[in-house]
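Please read the following walk through a protein model alongside its sequence and coordinates. The text moves from helix packing to sheets, and then to the contacts between domains and chains.

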2 protein chains.
Amino acid sequence: MLSKNKAKFIRSLQLKKQREDQGCFVVEGKKSVLELLNSQFKIRIVVCTESFLENRDGALFAQQIGLRPYFPEVILCNPLELESISSLKTNQTVLAVAEIKTQTIPKKVKGLTLVLDHINDPGNLGTILRVADWFGIETVVASLGTTDFYNPKVLQASMGSFCRVQVYYTDLEKYLSTVKIPIYAASAKGESAHHFTFERDCCLILGNESHGISESLLPYVKRTVTIPPYGKAESLNVATAAAILCDNYRRLAEFGTVTYR
Amino acid sequence: MLSKNKAKFIRSLQLKKQREDQGCFVVEGKKSVLELLNSQFKIRIVVCTESFLENRDGALFAQQIGLRPYFPEVILCNPLELESISSLKTNQTVLAVAEIKTQTIPKKVKGLTLVLDHINDPGNLGTILRVADWFGIETVVASLGTTDFYNPKVLQASMGSFCRVQVYYTDLEKYLSTVKIPIYAASAKGESAHHFTFERDCCLILGNESHGISESLLPYVKRTVTIPPYGKAESLNVATAAAILCDNYRRLAEFGTVTYR
């Protein structure tokens, strides 16, 4: 049974401050929770409906819980109760509470590192995580002003990729000043991505949806790269741009035109 | 002043059936309305707040209205009234009612035609329009089950590109059976996009977000193309995939590896 206190606790985790105070976050819906069960995250509570446990996904889910080194608390409730604690419009299946990981930026990163400068929209951040996961990019460094990784909308939009891609929040000026690999930035007026040569280990800065890249970061940027336009749209969505640039990076590496030091 | 009847009429256009019956649709927010004023759409009504008209955008907007061959009805109202007829959470600027264009698919299309097979999500359709506009693709053909072009969320996500990219709704089986150019399809198990050769004039089918491409369309598909994965994400968002494939098409054309008949 779901107690009033526990329901209140779970609902409170919709807020960033509460997540930080409690060191916990909420994962909603069967796809995301199944990915969570397969991940290194420590899971404290699972809340699900009986009908979910009885179907095929529920069986898979129970199996996954069984494979974990420890059992989370499992609470059964009815669909209405579940929806009352979920941020999703409809969630009749499952929700979990897991522990926030404390992170320190790895000193040496191989391959492409995405650097996010004040990405505001949770849907964009989630989609960028999904894109990074698709292209095998494990490290994303974000400015302190970037939307919170553990925001339910970010996790939802990432389609489970939040389990595989790390986001490290830090002061970007300080971070970039210590970076030894070339720093590129996506910009409206850079070199064409179709003629760009990436070094294998590099950083790519993606700027804020409205304001682009902060001026304070420009001194660290070695070259800027642009997705060549053929029509009249003013801009591309930042997650779309990230996807195209990651594909160009991978494509270049495949054709041997990424340079190695 | 905004009459009750007019407010009711504008609100009713949130529904597809009403839009079809009335032959009208609503465009919301200053960016979209400014794009609309620059387009071929016939505009019937403009509703805006006084404070909007008094600022810089308002002046530009009044100038644009002046350049049109005829004047739409312009109604001033207060911010609360405007928000009550808008689907946006906050819209304190402007909204317009324009006439739906009747369309017939052009017989001969040059370049890449995107073919959408049951794209359900309005945000995805809008983003695909923005992508098509960026890559200079003018023609999008959509299945009858694809979400409505004139849905306010589609127009919003397109960031004004709905003014430049046409979507033709039709029975895709019938359409594809008449097409004389090669038909490709995006698929999870096709040839790598990095090694694909597009013909200059071609169709590219993008499938439904959950179910992919309808089986009934497969007989028309010449080759399938895949964005090579390097990580563990199960899939990419359909609009993201569209963007990467359009970029690959353009890139190939630029490097002379698109084949010409």
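In chain B, helix α3 (residues 30–37) packs against helix α5 (residues 56–67) at an angle of about 20°, and their axes are 9 Å apart. Axes here are lines fitted to C-alpha atoms, for helices over the stretch in contact, and angles run from 0 to 180 degrees between N-to-C directions. Helices (H or I, at least four residues) and strands (E, at least two) are DSSP runs, numbered from the N terminus. The angle makes α3(B) roughly parallel to α5(B); angles under 35 degrees count as roughly parallel, over 145 as roughly antiparallel, 65 to 115 as roughly perpendicular and the rest as oblique. The crossing of α3(B) and α5(B) is left-handed. A crossing is left-handed if the near helix is turned anticlockwise from the far one by less than a right angle, and right-handed if clockwise.

On the α3(B) side the contact is made by K30(B), L34(B) and L37(B), and on the α5(B) side by D57(B), L60(B), F61(B), Q64(B) and I65(B). Two residues are in contact if their C-beta atoms, placed from the backbone, lie within 7 Å. Sorted by class, this contact of α3(B) with α5(B) has five nonpolar, one polar and two charged residues. Ala, Val, Leu, Ile, Met, Phe, Trp, Tyr, Cys and Pro count as nonpolar, Asp, Glu, Lys and Arg as charged, and the others, Gly among them, as polar.

The model is predicted: local features need pLDDT of at least 70, side-chain atom pairs count only at pLDDT 80 or more, and totals for chains, interfaces and linings use all residues. Residues are numbered from 1 along each chain as its sequence is written, while chains are lettered from A and ligands numbered from 1 in the order in which they are written.

Chain B also holds an open sheet of four strands, in the order β1-β4-β2-β3, with mixed pairing. Two strands pair if DSSP finds at least two bridges between them. The edges of this sheet are β1 (24–28) and β3 (73–77) of chain B, each pairing on one side only. On average, neighbouring strands here are turned by 15° against each other, direction ignored. Within the sheet, β2 (residues 43–49) of chain B pairs with β3(B) in the parallel sense over five bridges, and C48(B) has L76(B) as its bridge partner in β3(B).

Further along chain B, strand β8 (residues 183–192) pairs in the parallel sense with strand β9 (residues 202–206) over three bridges. There A185(B) stands opposite I205(B). β8(B) also pairs in the parallel sense with strand β10 (residues 223–226) of chain B, over five bridges; S192(B) has T226(B) as its bridge partner in β10(B).

Chain A has an open sheet of six strands in the order β7-β6-β5-β9-β8-β10, with parallel pairing. Its edge strands are β7 (166–170) and β10 (223–226) of chain A. Neighbouring strands of this sheet are turned by 35° against each other on average, direction ignored. Strand β6 (residues 139–143) of chain A pairs with β7(A) over five bridges in the parallel sense, and V140(A) is bridged to V167(A).

Which strands does α10(A) lie across? They are β5 (112–116), β8 (183–192), β9 (202–206) and β10 of chain A, and the helix runs at about 160° to β9(A). The axes of helix α10 (residues 238–254) and helix α7 (residues 122–134) of chain A come within 8 Å and cross at roughly 15°. That makes α7(A) roughly parallel to α10(A), and their crossing is right-handed.

Chain A is divided into domain 1 (4–99) and domain 2 (112–254), with bounds from an automatic or database domain assignment. The C-alpha centres of the two domains lie 30 Å apart. In chain A, 15 residues of domain 1 are in contact with eight residues of domain 2.

Between the chains, 27 residues of chain A are in contact with 27 residues of chain B. On the chain A side, α7 and α10 are the elements that give two or more residues. The largest share, eight residues, comes from α10(A). The residues of this side of chain A divide into 12 nonpolar, seven polar and eight charged.
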